[in-house]
Amino acid sequence: MHGSHVTGSPYAPHTEEDRSAMLEAVDAASVEELFDIPATIEFEGEFDIDSRTERETRRLVRSILGRNDDQTELLGRGHYGYYVPSLVDHLADRSEFLTSYTQYQPEISQGFLQALFEYQSLLVELTGLEVANCSMYDAATALGEAATLAERVRATTGHRVLVPERLREERRSTLENYVAGTALTVDTYPADDGTVDLAGLEELVDEDVVMLYAENPTVRGTIEESLAEVGELAAANDALFTLGSDPIALALLERPADVGADVVVGDASVLGLPTSYGMGLGLFATREEFLRQVPGRLVGASEDATDRRAFTLTLQTREQHIRRERATSNICTNQAWVALRTAMHAAALGPSGMVELAKRDVRRARALAARLDDMVGIEAPVHDRYHLREFVAHVDQPARAVAGDLEDRGFAVHVVGDHEIQVCIAGVSDERIDRFAAALEEVTR
Amino acid sequence: MTGDRSDAPGDDDAQSGYDQARYVENGEYEPLLSEKDRTRVEIGGGDATDTDGAGDSPLPDDLTRDSLELPELSEPELARHYTRLSQMIYGIDSGPYPLGSCTMKYNPKFVEDVAALPSAAVHPDRSEGSVQGTLELLARLQDYLGRIGGMDAVTLQPPAGAAGEFVGIRVAAAYHEHNGEGHRDEVIVPESAHGTNFASAALGGYDVVSLPSDDEGRVDLEALEAALSENTAALMLTNPNTLGLFERDIEEIADMVHGVGGLLYYDGANLNALLGRARPGDMGFDVMHYNVHKTFATPHGGGGPGAGPVGVASDLAPFLPAPRVRERDERSTTGEPIYERFDPEHTIGKVHGFDGNWLVLVKAFAYIARLGDEGLADASASAVLNANYLAERLEYDVPYGPFHHEFVASAGDQDAADVAKRMLDYGVHPPTTKWPEIVPEALMTEPTEVESKATLDRLAAAFNAVADEDDETLAAAPERTTARRIDQTSAARTPRLSWQALEDDS
């Protein structure tokens, strides 16, 4: 390089000499000349955003985020803060992973393609379904995509989607937006004791239903006990059975394929991401017969010119950049790097680690519920069911006041009713759970 | 091993050490994890009343799966596996990445550190009072983006650009519905637009009306006149367009669209060309999305995550997704601003289970705060200079012009896809190929502002070397990459999408 960097952006490398030479080459006196913008709409104002050094910027962000209170989060309901091994951060942060783009040139993207192929394989093992894509945005948007898939494959027979009445409102709302442009409508079926009310559901299902959605575990942390019956009900009415779950739950709970699931959606980032204000990784798996209707990217195995196995994006004729308005989905930028982290985390745990993590969750949630139940003024869990990692507790005092007092002591819990709080042990150490139990006893005394 | 070093690295038949491009183990470039190890763990039924019986399932048999079979490897083995995989990837840190319309530019390293701050890791259901930092950062980013785009209100919820398009379409639909104009069922999209525009409009329930370009590569005003009607809900446009050309008639276009009661949607994929020079809001756009991962250089590894905030003019603000964030009128007892979530009056609801791709938003905020007015304006100036300079150096024909931050060259008699494969041999990432279809054998090129003159000269040399090569050479390429030319046809004809499928197959 000749001379020093003179421009305003620290990442634009031109020196004065470079810039002059380049302007001369394009026959322009100034860079301004290259902008072909009518004077009437030229922006002559200021954004009024200061330029800062890297150090100042770090200090600014640190100071803003420093306003967040440091709390022990006993929060779940679809977003979990499991410990992520250092291995994942260090390897996923290797700059080739972090700074690459969609693998449109597979010959120089083999590493990422293989990692995504391994991620797809992980989901195939966990769900028992034959096909998994390599990411949707999150559980809610994956649910929306499942509904539009149902419309495509069941288009002639109906227009209703049935979801549990106890579904996170945010998931329901996202689903409503996804189906707003279709003929589909969303209805709810009753939940008994946190889980599917089978008799109530049976009354609502008819040929007009194109998709039946259930979650395992449910939003209240309970484990569904009649999924096979729900699957049979869906099959008998030619409706798609879509099951919502996550990779840690799937390591232990009934295999979706065994209960008749046609689609599995959910948030896969329980592995690979710490709490990140809801940033997620939508998992999407389905049966082979729907392969050509699947939304999102797929990585497949092939061979290269030396006959070695190689990986590539495949079946791209489903995707928006080729099929445009007839695509199976509008997704382009997805959550590939989070999928990489999830695959790494799963590999770091191994099958025994994943199963043990899920089993420990069941035991720890049960132990905490029993402990709370012994306290005066608390009943836990309120649902006489098995729980995976979270449960609802009844508190005699107003739940909002209890949660507020807990917050003052550094613990965050959900308020899910006037006298109901929900507590999640995922990612919380035994020692902190002890301190939480003591704090709860204190505030409800 | 004995002390005999005769088969040390360097000898022809030695496989260790390695030539990165050619390293092969067990006949594969890198074995799958499942080929290194597979372990089956039996779940086993448990005693439902047993609370701490280690080894047994704490759940009854009929609620659990029978077994789980996955790789079980040591940490060092995994470290080597993923390191090896990373060595088989080309990223922006490896070299230039002139993918037109993808805006792949260098990502400053410090943004990773700020996103990794422990105080950034919070649960989305935390109370407002306990996450004032997160809410403040979101409010400030909303404000920054509003100023940069000339928009009155911004939502940060959409997790990607296409998700932003969908939100824009849903907001437009809700706006029309609210005004008793629910009959509008058409969205107009130029032929040269990103495929996501068509797909997002269709997902929103609209009929897509495709709009041809004029002889100069811009919106054909007569064709637009013919396409517009009382059924028009919106026109989706990017400016500069995918040919890198500024739509000079944008004010007239805006008047035409507004004249029939339609809305004008701005696809922010090309915003990098305009920073500090022009703002979509000032051009008459009513709705826009920002690809913060492109324009503001936050890494989108392997294809994502990104984030696609949406900005709107004030008339449309009541329809934005919920919740948004704002500063309250009162201050805290210590004089600090207080932030709160709120639902816009006629909100369309949610488009993501929580509040979008938060960590990406932190990085975007940090990037904008670092550059400020001066840096942002310079980024677009350098991007435009680089595109024009590179276009000037190419021996390929570059029709249309003048260009902003990208241009489309034509490979002429050569197959653009083969040209791309051959460029890999010169150690650079090729441009986007065969699109937009307006230019035959398109090589859509966007160098971005981060490339130096020396790099652009090297890139031009690669283009020009390939331009001189014969079809046979191109068809045999690439030969200096990790994997050689990959058979796309068999991948699609016999889909094998998991290691389980590979085993079924053998």
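Predicted model: local features only at pLDDT ≥ 70, side-chain atom pairs only at ≥ 80, totals over all residues.
**View 1. The contact between chain A and chain B.** Chain A contributes 168 residues to the contact and chain B contributes 202 residues. Between them the two chains bury about 16,100 Å², and 61% of this area is on carbon and sulfur atoms. The interface holds 14 salt bridges, and 99 residue pairs across it are in polar contact, both residues being at pLDDT 80 or more. Helix H12 of chain A (residues 336-373) supplies 18 residues to the side of chain A that touches chain B, the largest share. By class, that side has 76 nonpolar, 51 polar and 41 charged residues.

View 2. Glu73(A) pairs with Arg126(B) in a salt bridge, and the closest N and O atoms are 2.7 Å apart. In general, side chains of opposite charge can pair when their charged atoms come close.

View 3. Ala336(A) belongs to helix H12 of chain A. Its relative accessibility is 1%, under the 20% limit, so Ala336(A) counts as buried. With neighbours within four places in sequence left aside, Ala336(A) is in contact with Phe112(A), Leu116(A) and Ser135(A) of chain A and with Gly301(B), Gly302(B), Gly303(B) and Gly304(B) of chain B. Where does Ala437(A) lie relative to Ala336(A) in sequence and in space? The two residues are 101 residues apart in sequence, and their C-alpha atoms are 39 Å apart.

View 4. A salt bridge joins Glu319(A) to Arg297(A), with 3.6 Å between the closest N and O atoms. Glu319(A) sits in the loop between strand S12 (309-313) and helix H11 (320-323) of chain A, while Arg297(A) sits in the loop between strand S10 (282-286) and strand S11 (299-303) of chain A. The pair links distant parts of the chain, 22 residues apart. Are these two residues buried or exposed? Both Glu319(A) and Arg297(A) are buried.

View 5. Glu442(A) forms a salt bridge with Arg409(A), and the closest N and O atoms are 3.0 Å apart. Glu442(A) counts as partly exposed because its relative accessibility is 44%. Arg409(A), with a relative accessible area of 39%, is also partly exposed.

View 6. Asp355(B) and Lys350(B) form a salt bridge in which the closest N and O atoms are 3.1 Å apart. Asp355(B) has a relative accessible area of 16% and is therefore buried; Lys350(B), at 8%, is buried as well. Elsewhere, salt bridges that share partners connect Arg67(A), Glu136(B), Arg140(B) and Glu336(B) in one network. Over all chains the structure holds 61 salt bridges.

**View 7. Thr298(B) in a loop of chain B.** Thr298(B) is placed in the loop between helix H10 (292-295) and strand S9 (310-312) of chain B. Why does Thr298(B) count as buried? Its relative accessibility is 0%, and buried means under 20%, so Thr298(B) falls in that class. Apart from neighbours within four places in sequence, the residues in contact with Thr298(B) are Asn107(B), Val292(B), His293(B), Val360(B), Lys363(B) and Ala364(B).

View 8. An unreviewed UniProt entry annotates residues 11-424 of chain A as "domain: Glycine cleavage system P-protein N-terminal". This span is 37% helix and 17% strand, and its end C-alpha atoms lie 44 Å apart. In chain B, the UniProt annotation "domain: Glycine dehydrogenase C-terminal", also from an unreviewed entry, covers residues 379-473. Residues 379-473 of chain B are 45% helix and 11% strand, with end C-alpha atoms 37 Å apart. Chain B contains 16 helices and 14 strands, and its C-alpha trace spans about 80 × 75 × 50 Å along its principal axes. Of its 506 residues, 64% count as buried. Among contacts in chain B between residues at least 6 apart in sequence, 70% join residues at least 24 apart.

How values were computed. Residues numbered from 1 in each chain as written. Chains lettered and ligands numbered in written order. Heavy atoms only, no water. UniProt positions renumbered as here; feature names shortened; annotations may be inferred. Helix = DSSP H or I, 4+ residues; strand = E, 2+ residues; numbered from the N terminus. Contact = heavy atoms within 4.5 Å. Buried area = accessible area lost by both parts, 1.4 Å probe. Salt bridge = Lys/Arg side-chain N within 4 Å of Asp/Glu carboxyl O. Polar contact = N/O pair within 3.5 Å; in protein donor to acceptor, adjacent residues only side chain to side chain. Nonpolar A, V, L, I, M, F, W, Y, C, P; charged D, E, K, R; others polar. Buried < 20%, exposed > 50% of the residue type's maximum accessible area, 1.4 Å probe, protein only.
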